[in-house]
Amino acid sequence: MARQKRNEDSYPAMKVYKASWFGFVSVGFFSFFVNLGALASPIYMQQIFDRVMQSQHVETLIYLTAIVIFFLAIISILDAIRGAMLAKISHWWDKTVHSDLLVAIIQIARAKGISKNQAISDLVTVRQFVGGPSILPFFDGPWMPLFVAAIMFVHPVLGILAIAAAVILFILALINDVVTRRSMAGLGEHQMKAQNTVDVATRHAESVYSMGMIGGIMSRFNEDNAFVADAMYNVSSFTAKIAAISKFVRFTAQILVLGLGAYFATLGEMTSGGMIAASIILGRALAPAEQALGAWRAFVGARAAHRRIMEVFAVAPSDANRTKQPEPSGKVEFLGVSLLMHGAEKPILRSINVTFEPGNLIAVIGPSGSGKSTFCKMLIGALEPTHGSVRLDGASIGNWDREQFGSSIGYLAQSVQLMDGTIKDNIARMGEPDDIKVLQAAQLAGCHDMINKLPNGYDTEIGTFGMNLSGGQAQRIGLARALYGNPKLVVLDEPNSNLDAEGDAAVQNAIGKMRDAGTTVVIVSHKPAALANVDMIVTIADGSITKQQTRDEYLKSAIKPVNAMLEKLAAAKQGKSEEGAAPKLATTTNQPVATAPAQDKRAALVEEVKKFIASAKEDGKS
């Protein structure tokens with residue numbers, strides 16, 4: 001309950017649905033008068049048959065007709081008002097909920113690595129149901145007793161018949177609800193999986209096509225899409241059958257009302273006008289039930305979509321409003337940090353304790369899968385530790401104001417993802433661009449000239465509706481984005497993985513300038529050039545820090561064993577044994593050749609050097 005209350009405070013959209021009840025009550029209020037006005041037509045018919053036809057008074061006919069038309073006009077206005085109110089509620093929901101829902105989706109993806117993009121489509125489903133005609137039968141249905149009472153007033157037996165028809169339709173609606181909900185169980189999940197398959201396949205279309213993956217992709221898509229199609233078919237088929245039965249019940253009830261009405265009219269217990277009026281009222285009373293059956297699938301879908309939206313808000317991490325801290329200097333501390341992801345048996349990071357001083361250049365190395373990228377994500381606050389805390393200038397990252405913290409750090413991920421928009425927008429982090437800061441960041445990243453060579457320079461559109469950039473271009477623009485606004489902490493995860501020599505040199509130049517400006521820079525890289533000027537090298541293996549070394553300590557530990565191996569190899573090449581004795585040589589007429597033992601010895605040393613190099617790479621040593 002505490003988490004629910006906290007999320008309601010962080011995501012005001014959770015309160016939107018509760019706040020809408022006044023609007024729905026108002027719609028119900030207007031629905032009463034709309035349904036009450038529906039009695040005007042049968043009453044008019046009754047007066048025509050019972051009075052005008054017998055009295056032959058044209059003046060009475062004119063007055064009755066004018067009065068009925070006036071009431072029908074009022075009913076039409078009220079009906080339009082309630083429709084507009086429902087449209088206004090759905091528009092308000094869409095406008096209010098959308099931004100909060102997007103934030104919640106991003107928060108879940110950040111913290112749990114789970115995509116909840118389907119929630120945006122769910123919001124569209126709810127909006128279309130609430131703002132469309134499908135919801136109106138559910139407001140008209142509750143007034144069915146009003147029409148049954150009117151029929152009862154005409155004749156009690158006809159009222160009993162109307163009640164029986166209403167009960168039958170209600171039972172049919174319950175059966176339809178149970179079957180529909182069962183058939184549509186899991187439908188949203190399979191729809192989302194099918195859509196994700198399409199999104200991934202189109203995003204990686206080159207790989208899918210070139211490596212013959214289309215068949216496998218289609219198999220996965222068809223599996224999920226078949227579930228959706230079968231479920232929709234079952235629901236539509238069953239609902240059509242129930243609707244047909246309901247229509248039969250309604251028409252039969254109307255025929256019986258006319259027949260019984262005629263019988264009672266012959267007995268003098270009611271008038272012929274009352275018979276016609278009762279039949280019309282019964283048709284109007286049962287119509288919402290029949291219409292609701294047609295709209296039931298939309299109702300069940302909207303109800304399930306609303307439930308999924310609320311679940312997204314309920315589980316999404318929330319950022320409370322925080323007091324702004326003093327501008328950071330760039331000191332970073334990991335204090336007993338461990339991270340265990342949901343559903344995992346083994347922690348990704350364990351008992352991390354390390355401190356980075358302001359203005360230092362730190363290299364993080366280690367074998368693949370050791371936790372380096374996760375370490376970086378915790379450093380920028382994208383992941384929250386299960387135990388311990390990550391601190392910037394003594395304050396836990398979770399206690400920083402998100403906007404202030406975001407402007408104080410820069411991050412370049414292994415896989416650079418740029419947003420749809422201009423290059424200037426991307427460098428400015430999709431905020432209001434400051435041209436001077438954009439140029440400074442691009443120049444510092446060494447991509448200013450590269451950008452100016454593009455068709456529209458900094459105003460070049462990129463992404464889905466624009467130009468496609470190469471991996472190297474995207475990485476350099478991503479670096480400029482990380483440097484935008486001169487952040488005090490910059491984290492670069494394999495910043496030169498897609499770069500050529502020129503781009504690599506630009507990255508190293510930018511790192512040097514940031515360091516000189518007092519920025520704390522953390523870089524993940526295995527290239528020797530990236531480790532040349534670092535202040536500290538942190539080695540991570542199996543989720544733990546195994547070594548913290550200065551650059552000189554690292555180089556000594558890395559180079560000394562290599563030198564020993566090379567000396568042994570050189571000695572073998574010179575024909576010396578490991579103990580210094582000269583090996584026996586077998587000669588041909590012109591060319592001396594080392595004996596077999598010497599060749600074996602040299603081959604063994606070569607293999608030893610290869611094993612060492614492989615081991616060094618596993619330890620993150622270049």
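This is a short tour of a predicted model, one selection at a time.

**Stop 1: two helices side by side**

Select helix H8, residues 144–154, and helix H13, residues 272–294. Their axes lie 9 Å apart, and the packing angle is about 165 degrees. Because angles over 145 degrees count that way, H8 is roughly antiparallel to H13. The crossing of H8 past H13 is left-handed.

Now show the side chains in the contact. H8 brings Met144, Phe147, Ala150, Ile151 and Val154. From H13, pick residues including Gly274, Ile281, Arg284 and Ala289. What kinds of residue make up this contact of H8 with H13? There are 11 nonpolar, 1 polar and 1 charged.

**Stop 2: a serine inside a helix**

Select serine 246, in helix H12, residues 214–266. Is serine 246 buried or exposed? Serine 246 is buried, because its relative accessibility is 1% and the cut-off for buried is under 20%. Leaving out residues up to four places away in sequence, serine 246 touches Leu169, Leu172 and Leu293.

**Stop 3: aromatic rings**

The whole structure holds 15 aromatic pairs. Begin with phenylalanine 32 and phenylalanine 33. Their ring centres are 5.2 Å apart and their planes meet at 75 degrees, so this pair is edge-to-face. Phenylalanine 32 is partly exposed at 27%, and phenylalanine 33 is partly exposed at 34%.

Next, select phenylalanine 356 and phenylalanine 375. This pair is also edge-to-face, with 6.3 Å from centre to centre and 65 degrees between the planes. Phenylalanine 356 is buried at 1% relative accessibility. Phenylalanine 375 is buried too, at 0%.

Then widen the selection to Phe29, Phe30, Phe32, Phe33 and Trp143. Ring pairs link these residues into a cluster.

**Stop 4: two positive phi angles**

Most residues other than glycine have a negative phi. Select methionine 430, where phi is positive, near 65 degrees. Methionine 430 lies in the loop between helix H17 (423–427) and helix H18 (435–445). Its relative accessible area is 41%, so methionine 430 is partly exposed.

Finish at glutamate 494. Its phi is also positive, near 50 degrees. Glutamate 494 is in the loop between strand E9 (489–493) and helix H21 (501–516). At 17% relative accessibility, glutamate 494 counts as buried, because the cut-off is under 20%.

Technical notes:
Residues numbered from 1 in each chain as written. Predicted model: local features only at pLDDT ≥ 70, side-chain atom pairs only at ≥ 80, totals over all residues. Heavy atoms only, no water. Helix = DSSP H or I, 4+ residues; strand = E, 2+ residues; numbered from the N terminus. Buried < 20%, exposed > 50% of the residue type's maximum accessible area, 1.4 Å probe, protein only. Contact = heavy atoms within 4.5 Å. Axes fitted to C-alpha atoms, helices over the stretch in contact; angles between N-to-C directions. Parallel < 35°, antiparallel > 145°, perpendicular 65-115°, else oblique. Left-handed = near helix turned anticlockwise from the far one by under 90°. Nonpolar A, V, L, I, M, F, W, Y, C, P; charged D, E, K, R; others polar. Phe/Tyr/Trp six-rings, centres within 6.5 Å; stacked < 30°, edge-to-face > 60°.
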